[in-house]
Amino acid sequence: MPTNTPPLDLLLVPQWLVPVEPAGVVLKGHALGVRDGLIAWLGPRERAPEAQQVRELPHCLLSPGLVNAHGHAAMTLFRGLADDLPLMTWLKEHIWPAEGRWVSEAFVRDGTDLAIAEQLKGGITCFADMYFFPRQACERVHASGIRAQIAAPLLDFPIPGAATAPEALHQAIELFGELRDHPRIRMALGPHAPYTLGDATLEQIRVVADQLDAPVHMHIHETADEVEQALKDNGERPLARLARLGLLGPNLQAVHMTQVSDEDLALLVESNTSVVHCPESNLKLASGFCPVERLWQAGVNVAIGTDGAASNNDLDLLGETRTAALLAKAVAGSATALDAHRALRMATLNGARALGLETLTGSLELGKAADITAFDLSGLLQQPVHDPVSQLIYATGRDCVKDVWVAGQPLLLDRRLTRMDEHALSANARAWGARIGGRDE
């Protein structure tokens, strides 16, 4: 019977379609339709409605776009600046002095552009950022077409762009108001860590977060030394202190969590707090191992993040997910820990859930935003393909990312960025590298 339904804007026809929800499903012979930036149809290809554009994707796996749940985007310009150092030495003697000298609005603008380009080319459609001059980061996200959560950084000492924590909090509140209805940007509060903030500031952050229903993004239990020093100073583990101050809950994104006691685990479960796992940064800084399988089995939502390029040194979430899956097996002492399907879920829907965006993105379901990545599994190094999800996690690199759409808009087609000039980005990054390294002075 004829209908008045308009044709789809775009029909994607991959070899494999992995919706992530429901879990563990791989569809063959299916297609996905996009209309007005949303997933409007999903079903067998032969039943597909009319579409203005059809994109055939042979040998490709179509999945939700990857969600990078923690990073410091502009720090791409510090990539490789100070490697092979312990966390606090790296921070206090190298990164914080470099930030004091170089971080500016221009630095954040250019570093964020570089990070967005790298993430799009790696299949990431949404990322969480915590860095200075958040307004500039928001402007770059808006221009690029990608989706992001931007956390305004808060510390109890002067930072680039804000002399005091109250000033930084005031700026964050202003941005919340300005961007409340933005379709692709969500603002968050970004208290740096328990050891850089006193109770009074944390209580003020909690009040504002409650008033704005705002996410709170924070480094917590990154190292054993952090926990031991907190116990020595005030007799409380940092997570217990945050619980006492009322900061635990579904809006809290606890980044790192390499140290998890039985009491910590109970607090995470009871409060429905999400954990963001950053395995490669933790490995490189020898910070410890997040017990991902233990958290997962207890019911904690575990997402994954790359951290910043200064400590990783890349923003490769697919590679990060492979590392997470392998590390989880070693930490749990079980080859069945964090299987390939759950690893992909951690890099997509779990990330969206941690950021409070699970009704919008993170899975290929009707009515959700068309945030989609196509991975090309046709290469020699991916053959033969017995299980496409296992092949994606364990045998595929980000160079296999073919296409990326955010809200139905193509931001990467045939491995080429559609809105960003790669040559100009590279030249600009090299110029920053020369200035920071003193080669133009």
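Thr 361 sits in the loop that runs between α13 (349-354) and β14 (372-376), where helices (H or I, at least four residues) and strands (E, at least two) are DSSP runs numbered from the N terminus. Its relative accessibility is 1%, so Thr 361 counts as buried; buried means under 20% relative accessible area, exposed over 50%, and partly exposed in between (1.4 Å probe, protein chains only). Leaving aside neighbours within four places in sequence, Thr 361 is in contact with Arg 147, Leu 349, Ala 352, Lys 368 and Asp 371, contact being heavy atoms within 4.5 Å.

The model is predicted, so local features need pLDDT of at least 70 and side-chain atom pairs count only at pLDDT 80 or more, while totals for chains, interfaces and linings use all residues. Residues are numbered from 1 along each chain as its sequence is written, and side-chain values use heavy atoms, with hydrogens and water left out.

Turning to the chain as a whole, its secondary structure comes to 15 helices and 17 strands. The radius of gyration is 21 Å, close to the 22 Å that the globule rule gives for 441 residues, so the chain is as compact as a globular protein of that length. This radius is taken over C-alpha atoms, and the globule rule is 2.2 Å times the number of residues to the power 0.38. Along the principal axes, the C-alpha atoms fill a box of roughly 70 × 50 × 45 Å. Of the 441 residues, 58% are buried. Among contacts between residues at least 6 apart in sequence, 72% join residues at least 24 apart.

The chain exposes about 17,400 Å², and carbon and sulfur atoms supply 52% of this area; accessible areas come from the Shrake-Rupley method with a 1.4 Å probe, and for residues only the protein chains shown count as cover. The mean positions of the 37 positive and 54 negative charges are 5 Å apart. Lys and Arg count as positive and Asp and Glu as negative, with His and the chain ends not counted, and each charge is placed at NZ of Lys, CZ of Arg, CG of Asp or CD of Glu.

An unreviewed UniProt entry places the feature "domain: Amidohydrolase-related" at residues 62-409; positions are given in the numbering used here, feature names are shortened, and annotations may be inferred rather than shown by experiment. The end C-alpha atoms of residues 62-409 lie 15 Å apart, and the span is 43% helix and 16% strand.

Some details of the backbone also deserve a look. A cis peptide bond, with omega about 25°, joins Asn 312 and Asn 313, and Asn 313 is found in the loop between β13 (302-304) and α11 (317-332). The bond from Gln 383 to Pro 384 is cis as well, with omega near -10°; Pro 384 is in the loop between β14 and α14 (388-395). His 59, although not a glycine, has a positive phi of about 65°. This histidine belongs to strand β5 (residues 54-64) and is partly exposed, with a relative accessible area of 42%. Leu 338, also not a glycine, has a positive phi of about 40°; Leu 338 lies in the loop between α11 and α12 (340-346) and is buried at 0% relative accessibility.

Finally, Val 208 is part of helix α5 (residues 199-212) and counts as buried at 7% relative accessibility. Not counting residues up to four places away in sequence, Val 208 touches Leu 169, Ile 173 and Leu 189.
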